[in-house]
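Please look through the structure shown here chain by chain, and then at what lies between and inside the chains. The paragraphs that follow are meant to be read with the model open beside them.

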Amino acid sequence: MPGPPRPSRILSDRTTREKGGKRVGLRSHPLPIDMLLRLEGITKRFGSLVANDHIDLEIEKGEIHALLGENGAGKSTLMNILYGLYTPDEGRIFWKGNEVKIRNPRHAIDLGIGMVHQHFMLVPVFTVAENITLGKEVAKHHILDMQEARRQVRELSNRFGLEVDPDDKIESISVGLQQRVEILKALYRGAELLILDEPTAVLTPQEVEELGKIMKRLVAEGHTIIIITHKLKEVLHLADRVTVIRRGKKITTLPAAGQSEDDLARLMVGREVTLKVDKQPAQPGDVVLEVEHLHAKNDRGVPAVRDVSFKVRAGEIVGIAGVDGNGQSELVGCLTGLRRPTAGRVRVNGQDVTGQSPRRIRDAGVGHIPEDRQRRGLVLNFTVAENAALGNHNAFARWGVLSYQRMVEAAKKIIGEFDVRPPRHDYLARSLSGGNQQKVIVGREILRNPKLMIAVQPTRGLDVGAIEFIHRNLVAERDAGRAVLLVSLELDEIMNLADRILVMYKGQVVAEVAAHEATEENLGLLMMGGGTGA
Amino acid sequence: MEWLRDGVRAVAVPVLATLVGLLVGIVCIVIAGKDPVLAAKAFYRAVAGEPRMFGNVLVSTTPLIFTGLAVAFAYRAGLFNIGVEGQYLMAQIATVVAGVYWTPPAGLAWLHPIVALAAGALAGAIWGGLVGILKAWKGIHEVINSIMLNWIALFTCDWLLKYYLRPDNSRASTYDLQPTAWLKQGLIEGSRLHTGIFVALATVVVVWFILFKTPLGYEIRAVGFSSGAAEYGGISVARALILTMAISGAIAGLAGSVQTMGLNHRFNETSALVGYGFDGIAVALVGRLHPVGVVLAALLFGALDASSGLMQAMAGVPKSVVSIVQAAVIFFVAAEGLWSFLQKRRTKKEVTTA
Amino acid sequence: MTVGFVTILTTFIVATLRATTPLLLAALGGVYSERSGVVNIALEGIMLTGAWGAAYFSYISGNAWIGLLGAIAIGVLIAALHAVASIKYHADQVVSGTAINLLAAGFTEFMLNRVWGQAGGSPQVASLPSIGGLNLSIYLAFGLAAVSWFVLYRTPWGLRLRAVGEHPLAADTLGINVYKMRYAGVLLSGVFGGLAGASLSIGLLSRFVDGMSAGKGFIALAAMIFGNWNPIGAVGATLLFGASTSLSTIFQLMGIQNIPTQFFNMIPYVLTMLILAGFVGKSVAPAADGVPYKKTT
C-alpha cells in the first residue's frame, strides 16, 4: 500500500494496563506506546495455496503478543517470513519505524529478531555451549575458545534465570531444558524480539507457569515476545494481546483480558465449536487388555517402562497422560509389537501376546493409530489403495496372487465412510493433507473391527474439524463395545475423551484418576511426579 | 489421454539423459580426433545392417537384461546392489561345476541346462544374500560389502580355476561344459544368438510378477519406501532385505550362467571385473526400475556394446568411449533435480528412482 | 635370527606405511565430505583420475610438483561434478558417486590411450622425493591427518561443518550457509582424493597403471566408518588395512610359500568385511549424512 510509513509512536488500543501486579483500566487519555514491528499486507503463496493473505500486524515494544490460529492457519508461515526463512510475495515489514527486507535468518538475527522453533533447532550431539554459540562462536585467531564460551553462557543463564549446564550434550537433557537452550541461543545473539513457536506443546501445566515467569522477566529486561499458539489457555494465561489468524487471513487483534476460551475458539474457527465431546457415561464390559508388571528399555538401553500394570475393558476409553519422554512411547511399542519388553506380560482377550510381532498382535485383534502418521501409519509413496492393505496385505491375496482390485474396494470404503478428500484411491498418500492422511489411517484401523484400539496422539497437527471428527469416531468405537487406549500429550484431549485416566511419570503409572475427578491442576502435578505416590 | 501424458513423462527423463550422454560421447570422439559421422555410420551398420548384426546386438543385450533386472529389483527395496559383478562370477564357477562334473542320467539330458542354471542362480543368491544378511543383522551398508565381495569373488574364482578346475597350466580357462549343458546357438543365421535370450525374457515376466502381484513384492516395495511403515504393517524388514538381495543375486547369477552356457562354454581366466554389473546399474536407472523399461534400456546399452567393435574398426573410436557414455547417462538420470521442470506435482502411480 | 627379524620388521613397517598412505588420504577426504552430510562413494574414481592426472602433469612438465598440483586440480573438478549433482540437483548420492567411478574408469582408460598410446600404463614419470627412505606423500598423509583433526574440532569452521552434517536446518536457521559448507566439504574430499591418487602414481610408484586404485577408495570408506568419521580414527583404521596388505610380502619374506597368492590378495577385503561386521554397532554416522538438503523458500 502506498503512502509514507506511519510514525513509530502511536496510540495503543490497550484498554487495560498493569498496575501493582493487577490489571486496571486506563485513565481517560491513553499513553503513547512504542511500535517495535509492523507488518503490512504480507502475502505468501505456495502454489495454489495462499498461506498468508494480506496480513497486517502491529507489535508493541514490551508486550507479549499471541498469534492464535488452528494448525495450518498460516501463523508459522508468517513468523518464518519475519525470521527470514521465507520471502513474502507481497507486503512490507517495518522494524522500529524503518522498512526492512529480511532476506535470511542471519539478517533477522542482526536486526534483533530471535526465534525459538516448535521443533528445536539443536544439534543433539553437540553441547549446550556449542549450540548456543554456533554461528557466532567465541574464537581467538580462528581457534575456538570454549572456556570463554562457557563463561558467557553461564552469565546469560544467571541473568535470566534459565539454568543450564554448558557442557551437557543436548541429546541427554530434558525437553524443558532444551527449550531454555533455545531461548538462550536467541538472547546470546542480542534478540530484542523473541518469537516462540508453540512453546508449551511439550510442557506440563506447572512448566507453563515457569515459562510465564521467565517471559515476564524477559519483558522486564526490555524484550518483546510473540507466541504462536493454537492453545486457548496459553493465550489467556500469558498474553497481553492476541491476533487471530484463520485460513491465512488476519481476523482481528484484541486484548487478552476479558476474553473467554469459547470466544477465542469461535474467532479461530469461524463457527461455534464444541470443545467438549458429547458422550454418555461408559458401560465397561469384559477385560480386553491386561498389562502385568511390564518392563522395557528405550533405544539407548535405559529402562523406560518400569513395572507398569493396568487393564482396559470393552466399552471404555482409558487415557494415558504424561509429559513426553516418560515411557509412553516405549509402552505403546510393547503393546503393538514394535518393541520387546524385558519383563512382564501383555494379554489381549486372555491371549498372551507378550513380545510377539506386530503381525501376530494385529491378528489378535489390536488396531493401532500410530504416533507418526507419515513414518509409521502410511507408506507415503504408495497409493491410498495400497495403504488400505497395510497391516494385513496377505488377506488381499488368493493363491499367492495379490489382488489390486480388492485393495481398491477397501480404499473406497474408507474414503466413503471417513470422508477422505480428495476421494481418489489412486492418489499417492503423500499428496493428501495431514488431516486426510490421518483419516485414512483411522478409517483403515476402525474398519478392521479391532477388539482393542490403541490411539497415540491421534489429532496432532490437525485442524479443529478433523479433531472433532476423530474424537467422535473414538467415542463411537467405545460405544460399540470396543476397548480404547488413548495415549496423548494433550491434556485437554485426555480429559475430554477418557473415562479413566492413568498418569505416567518416569516409566511408572503413578496414579489412576476417574474422569470426573480429574482437573488440570491435579493431573499436572501428577505428571511432574508430585501428588500422592511417586 | 492422461495415461499417454504420464507415459511420455515417464520416459522423458531417460530419453533426455541418453541424448545428453550420447552428446558427451560425440564430444569424446571429436577430442579423440575421430569422425563422429563415421562412428554413427558404424553404429548403424552394427545394429541394423544385417540380421546377424542384430543377432549380435541381442547377444550383448541378454546379460544386461539380467543385470539390469537384478539392480532394479534390489533398488525397489532401497538396496543398491553393486555386487552384481561378484555374483555373476560365482555363478559362472558354479555353472562350470554343474556343467563339467555332473552328467544327467540317460534320457534326461534336458535336465542339464536347468540344473546348471539353478546352480548359478543359487551361487548368486548366496553371494547376494550374504550382503542382505549383514545389512539386516548389522546395518552395514550394502555398497561396501558388495564391493568387497566383488573382489573376493574375483580372487576366489581365480584360485578355483587355477588350482582345481583346469586340466593343466597350459590353458587359461576351465574344462569345457558338456554339450548337454549348453544353450543352443544359432537362432539367427551367422550370429552367436543363443536361447539365453528367452531365459532372460522369462525372468523379466517372473520379476514383474513377483514385484507387483505377490505379497512378497508388496513387502519389498513397502520396505523400500518406508521401513518404519512396513514394520508397523507387520512386515519383517529383515526378511524382506535378505530375500531381496538373494533374489537379486540369483538374477545376477543367471546372467553369468547364461553367458557361460550360451557363449564360451567354459570359464576364462579374468583379471578384472567383467563390467556387466556396472552396466546393469545404468540399465536399471535408465529403465526407471521397471521390468519393461529395463528391457528397452538393455537394448540401448547392448547396441552400444555390440557396436563398439565396429566403431573401433571403422572409425577408430576407442571402447572406453562407451563407458564414458554410460557413466554420463547414469549421471544425468540421477541428477533428478535437473529435470525438475518436468516433474508433475501430483499423484499418479509413478515410480521415482531415488 | 635377530638380524632377519629386524629386517622383516622394518620392511613390514615401511610396507605398511606405504600401503596406508593412499588409504589415509582418501579416508580423510571422505571424512570432510561426510561430516558435511554428503556421502562420497566417488572417492575411488577421484583417486583414479587423480593418479592419472598426477602422472600426466608430471609427464608434460617433467616436474613432480606440477603433477601434484595437477592431481589436486583434477580431484577438485571431479568432486565438483558430484557436489553439483548431489547438493544442487538433489541426486541420490550413492548413484551419483557410482556414475563418477564409472566415468573415471572410462576416462582414464581413454586418456591413457590418447596421451601415451598404450594400454596398461604410462611410461616412467618424475615422482615425489623421499626423505629418510620414506616418500614425501607418507609424511603428507599423516601430517594432514593431524591438521584435519585440529580443523574439525578446534575451529569455528569445523564446528559449522559438523553442524551442517548433523542438523542442517538448525545451522540454516543460525545463518550458516548449508550449501556453501557442503560444497566445501565435497571439494575438500576432491583435494584429498586427488592427493591420494598422486601418492599412488607419483609417490609410491613412478607411473600410472590402468585401474591402479583397485578398490582402495572403497577400503578407505570402510576405514572412515571404522574410524568413526574422525581423522585420528581414520589413521588407526587405515594403518590396520595397510598392515594387512603388507602381510603377503612379509609371509614371502618369512619363507611361507604354499598359501596361494589369491588369498593374500583377498585379505584387505575380507578384513574390511569382518571389521565392519564386528564394529559397526559403535560407529555413528553424522545424522544428516546422505540426505539432500532442500531449502523451502
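Chain B has 13 helices and zero strands, where helices (H or I, at least four residues) and strands (E, at least two) are DSSP runs numbered from the N terminus. Read along the sequence, its pattern is therefore α-α-α-α-α-α-α-α-α-α-α-α-α. This is a predicted model, in which local features need pLDDT of at least 70 and side-chain atom pairs count only at pLDDT 80 or more, while totals for chains, interfaces and linings use all residues. Residues are numbered from 1 along each chain as its sequence is written, and chains are lettered from A and ligands numbered from 1 in the order in which they are written.

The C-alpha atoms of chain B fill a box of roughly 60 × 60 × 35 Å along the principal axes. For 354 residues a compact globule would have a radius of gyration near 20 Å, and the 21 Å of chain B agrees with this; the radius is taken over C-alpha atoms, and the globule rule is 2.2 Å times the number of residues to the power 0.38. Of the 354 residues of chain B, 57% count as buried, a residue being buried if 20 or more other C-beta atoms lie within 10 Å of its own, exposed if 12 or fewer, and partly exposed in between, with C-beta atoms placed from the backbone. Residues 24 or more positions apart account for 79% of the contacts in chain B with a separation of 6 or more, where two residues are in contact if their C-beta atoms, placed from the backbone, lie within 7 Å.

Helix H8 of chain B, residues 215-225, is mostly covered, with eight of its 11 residues buried. The buried residues in H8(B) are B:Tyr218, B:Glu219, B:Ile220, B:Arg221, B:Ala222, B:Val223, B:Gly224 and B:Phe225. What covers them includes helix H3 (51-76), helix H7 (196-213), helix H9 (227-232) and helix H10 (237-264) of chain B, together with strand S23 (401-402) of chain A.

Chain A, in turn, has 17 helices and 27 strands. Its C-alpha trace spans about 75 × 50 × 50 Å along its principal axes, and its radius of gyration of 25 Å agrees with the value near 24 Å that a compact globule of 534 residues would have. Of those 534 residues, 48% count as buried, and 66% of the contacts in chain A with a separation of 6 or more are between residues 24 or more positions apart.

Within chain A, an open sheet of four strands has the order S17-S16-S19-S20, with antiparallel pairing; two strands pair if DSSP finds at least two bridges between them. The edge strands, each pairing on one side only, are S17 (303-313) and S20 (351-352) of chain A. Strand S19 of chain A, residues 343-348, is joined to S20(A) by two bridges and runs antiparallel to it, and A:Val348 has A:Gln351 as its bridge partner in S20(A). Helix H9 of chain A, residues 328-336, lies across S16 (287-297), S17 and S19 of chain A, running at about 60° to S17(A); axes here are lines fitted to C-alpha atoms, for helices over the stretch in contact, and angles run from 0 to 180 degrees between N-to-C directions.

Chain C has 11 helices and two strands, arranged from the N terminus on as α-α-α-α-β-β-α-α-α-α-α-α-α. Its C-alpha atoms fill a box of roughly 70 × 45 × 35 Å along the principal axes, and buried residues make up 56% of its 297 residues.

Where chains A and C meet, 19 residues of chain A are in contact with 16 residues of chain C. Helix H2 (105-111) and strand S11 (143-144) of chain A each supply at least two residues of the side of chain A that touches chain C, and the largest share, three residues, comes from H2(A).

Finally, the largest nonpolar core has 295 residues, and those with the most contacts inside it are A:Leu486, A:Val503, B:Ile330 and C:Ala223; such a core is a set of buried Ala, Val, Leu, Ile, Met, Phe, Trp, Tyr and Cys residues joined through C-beta atoms within 7 Å. A second, separate core of 81 residues includes A:Leu36, A:Val181, A:Leu187 and C:Leu161.
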